[in-house]
Amino acid sequence: MIYLRALSSAHFSLFRIEEILPHRGARLGDLLTGQSVEVTDLSLSSTGMPGIILAGRLLHFDTFAMSSGTFIPVPEPIFEARIQTAIGKFIPEITNTFPQLSPPQWAAFEGKVLRNALHAG
């Protein structure tokens, strides 16, 4: 039940790796809210590098956060050329709260980000 609750409130976002936490995970900066979150992910702690941008969905539990699957790396040039434009279109102002978009708007935003990131390879 706890997992289902976390899954139902999971959110998609773009994150920049701020710090690698060895044998634990990483501290990620949420590029849509400006907030920082510590993520438990052993693979990310061994393969991630500070500064890398990732797209993905986070699950929040009482004592930790984790990805709901795989983070998709977003090359910096693709982020600057294509994804920042999408952010500006869908989320004109970054605040400390999660953006309020309708489900169709979220789906369109997430699709645009993932298509661009995956197309970049």
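**A tour of the predicted chain**

Count 4 helices and 6 strands; helices (H or I, at least four residues) and strands (E, at least two) are DSSP runs, numbered from the N terminus.

This is a predicted model: local features need pLDDT of at least 70, side-chain atom pairs count only at pLDDT 80 or more, and totals for chains, interfaces and linings use all residues. Residues are numbered from 1 along each chain as its sequence is written, and side-chain values use heavy atoms, with hydrogens and water left out.

Show the C-alpha atoms. They fill a box of roughly 35 × 30 × 25 Å along the principal axes.

Next, select His23. This residue sits in the loop between strand 1 (11-21) and strand 2 (25-30). Most residues other than glycine have a negative phi. His23 counts as exposed because its relative accessibility is 74%; exposed means over 50%, buried under 20%, partly exposed in between (1.4 Å probe, protein chains only).

Now go to Leu42, in helix 2 (residues 42-47). Leu42 is exposed too, at 57% relative accessibility. Leaving out residues up to four places away in sequence, Leu42 touches His23 and Arg24 (contact: heavy atoms within 4.5 Å).

Last, pick Gln84. Its C-alpha atom is 29 Å from that of Leu42.
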